[in-house]
Amino acid sequence: MSSIEQMYQQVILDHAKTPNGRGLVEVTDGATSGQSHQVNPTCGDEVTLRVELAGDTIERVSWEGQGCSISQASLSVLTDLVTGRPATEAEHLGEAFRELMGSRGKGLDEATEDELGDATVFTGVSRYPARIKCALLGWAALRDSLVTSGALAAPQTAAAPDAAPAARATTEENR
(Lines give C-alpha, C1' and ligand atoms only; values in the text may rest on other atoms or scores of the structure.)
Protein backbone atom coordinates (compact mmCIF):
# COMPACT_ATOMS: atom_id res chain seq x y z
CA MET A 1 0.00 0.00 0.00
CA SER A 2 1.40 3.39 -0.99
CA SER A 3 1.84 6.18 1.52
CA ILE A 4 -1.01 8.16 -0.08
CA GLU A 5 -3.35 5.15 0.26
CA GLN A 6 -2.32 4.81 3.90
CA MET A 7 -3.07 8.49 4.47
CA TYR A 8 -6.48 8.13 2.80
CA GLN A 9 -7.24 5.06 4.89
CA GLN A 10 -6.26 6.97 8.05
CA VAL A 11 -8.55 9.90 7.17
CA ILE A 12 -11.45 7.48 6.68
CA LEU A 13 -10.73 5.78 10.02
CA ASP A 14 -10.44 9.14 11.82
CA HIS A 15 -13.81 10.31 10.45
CA ALA A 16 -15.39 6.97 11.36
CA LYS A 17 -14.08 7.14 14.94
CA THR A 18 -15.07 10.77 15.55
CA PRO A 19 -17.78 11.54 12.99
CA ASN A 20 -18.93 15.10 12.40
CA GLY A 21 -22.68 15.71 12.46
CA ARG A 22 -23.59 12.51 14.30
CA GLY A 23 -26.64 12.84 16.49
CA LEU A 24 -29.94 14.08 15.08
CA VAL A 25 -30.55 17.67 16.12
CA GLU A 26 -34.04 19.12 16.48
CA VAL A 27 -34.87 21.69 13.83
CA THR A 28 -35.08 25.32 14.92
CA ASP A 29 -38.70 26.51 15.14
CA GLY A 30 -39.85 27.87 11.81
CA ALA A 31 -36.77 26.64 9.92
CA THR A 32 -37.06 24.78 6.63
CA SER A 33 -35.85 21.21 6.89
CA GLY A 34 -35.86 17.84 5.24
CA GLN A 35 -35.14 14.34 6.48
CA SER A 36 -34.46 10.99 4.87
CA HIS A 37 -33.92 7.46 6.08
CA GLN A 38 -31.85 5.26 3.77
CA VAL A 39 -30.81 1.62 4.09
CA ASN A 40 -28.23 -0.33 2.15
CA PRO A 41 -29.95 -3.73 1.97
CA THR A 42 -26.73 -5.38 0.79
CA CYS A 43 -24.89 -4.88 4.07
CA GLY A 44 -27.38 -3.39 6.51
CA ASP A 45 -25.86 0.09 6.78
CA GLU A 46 -28.52 2.69 7.53
CA VAL A 47 -28.82 6.39 8.19
CA THR A 48 -31.38 9.00 9.04
CA LEU A 49 -30.12 12.37 7.84
CA ARG A 50 -31.69 15.76 8.55
CA VAL A 51 -30.88 19.10 6.91
CA GLU A 52 -31.86 22.51 8.19
CA LEU A 53 -31.83 25.39 5.74
CA ALA A 54 -31.81 29.17 5.90
CA GLY A 55 -33.17 30.22 2.54
CA ASP A 56 -31.39 27.92 0.11
CA THR A 57 -28.28 27.50 2.31
CA ILE A 58 -27.65 24.37 4.34
CA GLU A 59 -27.25 25.61 7.89
CA ARG A 60 -26.90 22.26 9.59
CA VAL A 61 -26.61 18.58 8.76
CA SER A 62 -27.21 16.04 11.48
CA TRP A 63 -27.56 12.31 11.23
CA GLU A 64 -27.83 9.08 13.13
CA GLY A 65 -26.84 5.78 11.67
CA GLN A 66 -24.99 2.57 11.90
CA GLY A 67 -22.74 0.74 9.56
CA CYS A 68 -19.21 0.21 8.39
CA SER A 69 -16.36 2.70 8.66
CA ILE A 70 -16.82 3.73 5.04
CA SER A 71 -20.48 4.71 5.41
CA GLN A 72 -19.89 6.51 8.70
CA ALA A 73 -16.81 8.35 7.42
CA SER A 74 -18.59 9.34 4.21
CA LEU A 75 -21.42 10.89 6.26
CA SER A 76 -18.89 12.79 8.36
CA VAL A 77 -17.04 14.14 5.32
CA LEU A 78 -20.36 15.00 3.64
CA THR A 79 -21.40 17.00 6.72
CA ASP A 80 -18.20 19.05 6.63
CA LEU A 81 -18.36 19.55 2.88
CA VAL A 82 -21.96 20.77 2.46
CA THR A 83 -22.66 22.73 5.64
CA GLY A 84 -22.86 26.42 4.80
CA ARG A 85 -23.35 25.84 1.07
CA PRO A 86 -26.40 26.42 -1.11
CA ALA A 87 -28.49 23.31 -1.76
CA THR A 88 -27.71 23.40 -5.49
CA GLU A 89 -23.99 23.46 -4.77
CA ALA A 90 -24.39 20.53 -2.36
CA GLU A 91 -26.19 18.61 -5.10
CA HIS A 92 -23.36 19.47 -7.52
CA LEU A 93 -20.87 18.05 -4.99
CA GLY A 94 -23.08 14.95 -4.65
CA GLU A 95 -22.97 14.46 -8.42
CA ALA A 96 -19.17 14.83 -8.36
CA PHE A 97 -18.96 12.27 -5.54
CA ARG A 98 -21.17 9.83 -7.47
CA GLU A 99 -18.85 10.35 -10.46
CA LEU A 100 -15.85 9.64 -8.21
CA MET A 101 -17.49 6.40 -7.05
CA GLY A 102 -17.86 5.39 -10.69
CA SER A 103 -14.18 6.07 -11.48
CA ARG A 104 -13.03 2.57 -10.45
CA GLY A 105 -10.08 4.03 -8.55
CA LYS A 106 -8.88 6.35 -11.29
CA GLY A 107 -10.12 9.51 -9.61
CA LEU A 108 -11.32 12.65 -11.35
CA ASP A 109 -9.76 15.74 -12.86
CA GLU A 110 -7.83 17.96 -10.48
CA ALA A 111 -10.44 20.75 -10.39
CA THR A 112 -13.25 18.36 -9.41
CA GLU A 113 -11.09 16.68 -6.80
CA ASP A 114 -10.28 20.13 -5.36
CA GLU A 115 -14.03 20.79 -5.09
CA LEU A 116 -14.52 17.49 -3.26
CA GLY A 117 -11.75 18.15 -0.77
CA ASP A 118 -11.50 15.37 1.82
CA ALA A 119 -14.13 13.35 -0.06
CA THR A 120 -11.39 12.35 -2.52
CA VAL A 121 -10.09 9.95 0.15
CA PHE A 122 -12.83 7.60 -1.06
CA THR A 123 -11.15 7.18 -4.47
CA GLY A 124 -9.81 3.79 -3.41
CA VAL A 125 -13.28 2.69 -2.31
CA SER A 126 -14.47 3.10 -5.91
CA ARG A 127 -12.40 0.02 -6.84
CA TYR A 128 -14.66 -2.19 -4.75
CA PRO A 129 -18.22 -2.34 -6.11
CA ALA A 130 -19.56 -3.85 -2.88
CA ARG A 131 -18.29 -0.83 -0.91
CA ILE A 132 -19.44 1.93 -3.27
CA LYS A 133 -22.99 1.75 -1.94
CA CYS A 134 -21.63 2.21 1.58
CA ALA A 135 -19.93 5.46 0.56
CA LEU A 136 -23.01 6.67 -1.35
CA LEU A 137 -25.57 6.01 1.38
CA GLY A 138 -25.29 9.43 3.04
CA TRP A 139 -25.25 11.22 -0.31
CA ALA A 140 -28.54 9.53 -1.24
CA ALA A 141 -30.00 10.65 2.08
CA LEU A 142 -28.75 14.20 1.51
CA ARG A 143 -30.34 14.41 -1.94
CA ASP A 144 -33.62 13.05 -0.62
CA SER A 145 -33.56 15.44 2.37
CA LEU A 146 -33.00 18.42 0.10
CA VAL A 147 -35.87 17.33 -2.12
CA THR A 148 -38.24 16.78 0.81
CA SER A 149 -37.30 20.23 2.16
CA GLY A 150 -38.24 21.79 -1.17
CA ALA A 151 -34.70 23.11 -1.74
CA LEU A 152 -34.20 20.83 -4.79
CA ALA A 153 -36.51 19.45 -7.42
CA ALA A 154 -36.91 15.70 -7.48
CA PRO A 155 -34.44 14.11 -9.91
CA GLN A 156 -36.05 12.69 -13.03
CA THR A 157 -35.24 9.12 -13.98
CA ALA A 158 -35.47 7.49 -17.37
CA ALA A 159 -37.66 4.72 -15.97
CA ALA A 160 -40.15 7.13 -14.40
CA PRO A 161 -39.82 10.59 -15.95
CA ASP A 162 -42.95 11.90 -14.23
CA ALA A 163 -42.11 10.46 -10.81
CA ALA A 164 -42.08 13.17 -8.18
CA PRO A 165 -41.07 11.18 -5.10
CA ALA A 166 -37.38 11.63 -4.50
CA ALA A 167 -37.33 8.48 -2.42
CA ARG A 168 -37.77 6.44 -5.59
CA ALA A 169 -34.68 7.99 -7.21
CA THR A 170 -32.45 7.93 -4.15
CA THR A 171 -33.51 4.46 -3.03
CA GLU A 172 -32.61 3.14 -6.47
CA GLU A 173 -29.01 4.29 -5.87
CA ASN A 174 -28.83 1.99 -2.87
CA ARG A 175 -30.06 -1.20 -4.49
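**Entry 1**

I started at arginine 98, which is buried with a relative accessible area of 16%, where buried means under 20% relative accessible area, exposed over 50% and partly exposed in between, taken with a 1.4 Å probe and protein chains only. This is a predicted model, in which local features need pLDDT of at least 70 and side-chain atom pairs count only at pLDDT 80 or more, while totals for chains, interfaces and linings use all residues. I note also that residues are numbered from 1 along each chain as its sequence is written, and that side-chain values use heavy atoms, with hydrogens and water left out.

Which residue forms a salt bridge with arginine 98? I found glutamate 95, with the closest N and O atoms 3.4 Å apart; a salt bridge here is a side-chain nitrogen of Lys or Arg within 4 Å of a carboxyl oxygen of Asp or Glu. Glutamate 95 counts as partly exposed, at 39% relative accessibility. Salt bridges that share partners join Glu91, Glu95, Arg98 and Arg143 into one network.

**Entry 2: other salt bridges**

I searched the whole structure and recorded 7 salt bridges. One of them is between the side chains of arginine 22 and glutamate 64, at 3.8 Å from N to O. This pair links distant parts of the chain, since arginine 22 sits in the loop between helix 1 and strand 1 (32–39), glutamate 64 sits in strand 3, and the two are 42 residues apart. I looked up the accessibility of both partners: arginine 22 is partly exposed at 37% relative accessible area, and glutamate 64 is partly exposed at 38%.

I then looked at glutamate 89, which forms a salt bridge with arginine 85, the closest N and O atoms being 2.4 Å apart. Glutamate 89 is partly exposed, with a relative accessible area of 31%, and arginine 85 also counts as partly exposed, at 25%.

**Entry 3: the overall plan**

I counted 6 helices and 3 strands in the protein, where helices (H or I, at least four residues) and strands (E, at least two) are DSSP runs numbered from the N terminus. Read along the sequence, the pattern is α-β-β-β-α-α-α-α-α. Of the 175 residues, 47% are buried. The protein exposes about 8400 Å², and carbon and sulfur atoms supply 50% of that area, as computed by the Shrake-Rupley method with a 1.4 Å probe, with only the protein chains shown counting as cover for residues.

**Entry 4: the sheet**

In what order do the strands of the open sheet of 3 strands stand? I read the order as 1-2-3, with antiparallel pairing, and I kept in mind that two strands pair if DSSP finds at least two bridges between them. Strand 1 and strand 3 are the edge strands, each pairing on one side only. Strand 1 and strand 2 are joined by 8 bridges, and glutamine 38 stands opposite valine 47 in strand 2. Strand 2 and strand 3 are joined by 9 bridges, and here glutamate 46 stands opposite glutamine 66 in strand 3. In the hairpin of strand 2 and strand 3, which has 2 residues between the strands, I found glycine 55 with a positive phi near 65°.

**Entry 5: helix 2 and threonine 79**

I saw that helix 2 lies across strand 2 and strand 3, where contact means heavy atoms within 4.5 Å. Threonine 79 lies in helix 2 and counts as buried, at 6% relative accessibility. Not counting residues up to four places away in sequence, threonine 79 touches Asn20, Gly21, Val61 and Trp63.

**Entry 6: the nonpolar core**

Which residues have the most contacts inside the largest nonpolar core? I noted Phe97 and Phe122, in a core of 42 residues; such a core is a set of buried Ala, Val, Leu, Ile, Met, Phe, Trp, Tyr and Cys residues joined through side-chain atoms within 4.5 Å. The elements that give two or more residues to this core include helix 1 (3–17), strand 2 (46–54) and helix 3 (87–101), and helix 5 gives the most, with 10 residues. Leaving aside neighbours within four places in sequence, the contacts of phenylalanine 122 include Ile12, Ile70, Phe97, Leu100 and Ala135.

Conventions:
Axes are lines fitted to C-alpha atoms, for helices over the stretch in contact, and angles run from 0 to 180 degrees between N-to-C directions.
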